[in-house]
Amino acid sequence: MEHVMVRQGADGTPVTVAYRGREWLVGAEPVRWFERVNWWETSRRMPRGSSRVDVEVLQVQVRLGSNQASALTTMLLERDGLGGGWRLRGSMADAA
């Protein structure tokens, strides 16, 4: 998974996502949920002091730049537990 930069507004809502040198503007209300993490699939032991069993997931619909005519793309972002940033889990262009 690749890291992305998420810029938030004053209320904490995502406003933009920077990915591969491009800025994507959030065009719809984001959806947030939590999922269980199978930590044993990536390491033999849970990191000391981490007790991380849930991961935050954010689904955002974004459009490239400030072009209101560009199609919305759905991005699934996963919170990086180590640095507090976000990683791109996947994306798909909406066919409308």
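Is Arg20 buried or exposed in this structure? With a relative accessible area of 63%, Arg20 is exposed, where exposed stands for over 50% relative accessible area, buried for under 20%, and partly exposed for the range in between, using a 1.4 Å probe and protein chains only. The model is a predicted one, in which local features need pLDDT of at least 70 and side-chain atom pairs count only at pLDDT 80 or more, while totals for chains, interfaces and linings use all residues. Residues are numbered from 1 along each chain as its sequence is written, and side-chain values use heavy atoms, with hydrogens and water left out.

The chain has seven strands and zero helices; these elements are DSSP runs numbered from the N terminus, a helix being H or I over at least four residues and a strand being E over at least two. Of the 96 residues in the chain, 26% are buried. The accessible surface comes to about 6700 Å², and 51% of this area belongs to carbon and sulfur atoms; such areas come from the Shrake-Rupley method with a 1.4 Å probe, and for residues only the protein chains shown count as cover. Among contacts between residues at least 6 apart in sequence, 38% join residues at least 24 apart, a contact meaning heavy atoms within 4.5 Å.

Arg20 lies in the loop between β2 and β3, and its phi, near 55°, is a positive value in a residue other than glycine. Most residues other than glycine have a negative phi. The side chain of Arg20 meets that of Glu2 in a salt bridge, with 2.7 Å from N to O, a salt bridge being a side-chain nitrogen of Lys or Arg within 4 Å of a carboxyl oxygen of Asp or Glu. Because Arg20 lies in the loop between β2 and β3 (22–26) whereas Glu2 lies in strand β1, the pair ties together parts that are 18 residues apart in sequence. Glu2 counts as partly exposed, at 35% relative accessibility.

The structure holds seven salt bridges, and some of them share partners. Glu35 forms a salt bridge with Arg89, the closest N and O atoms being 3.1 Å apart; this pair links distant parts of the chain, with Glu35 in strand β4 (residues 31–36) and Arg89 in strand β7, 54 residues apart. Both residues are partly exposed, Glu35 with a relative accessible area of 28% and Arg89 with one of 32%. Glu78 forms a salt bridge with Arg87, with the closest N and O atoms 2.9 Å apart, and here Glu78 counts as buried at 9% relative accessibility, as does Arg87 at 18%. Salt bridges that share partners join Glu35, Glu78, Arg87 and Arg89 into one network.

The largest nonpolar core has twelve residues, among them Val4, Trp24, Met75 and Trp86; a nonpolar core is a set of buried Ala, Val, Leu, Ile, Met, Phe, Trp, Tyr and Cys residues joined through side-chain atoms within 4.5 Å. Strands β1, β2, β5 (54–64), β6 and β7 each supply at least two residues of this core, and its largest share, three residues, comes from β5.

Met75, a member of this core, lies in strand β6, residues 73–79, and counts as buried at 2% relative accessibility. Leaving out residues up to four places away in sequence, Met75 touches residues including Val17, Tyr19, Trp24, Leu58, Val60, Val62 and Leu88. Although Met75 and Ala93 are 18 residues apart in sequence, their C-alpha atoms are 8.8 Å apart in space. Trp24, again leaving aside neighbours within four places in sequence, is in contact with Val15, Thr16, Arg63, Leu64, Thr73 and Met75, among others.
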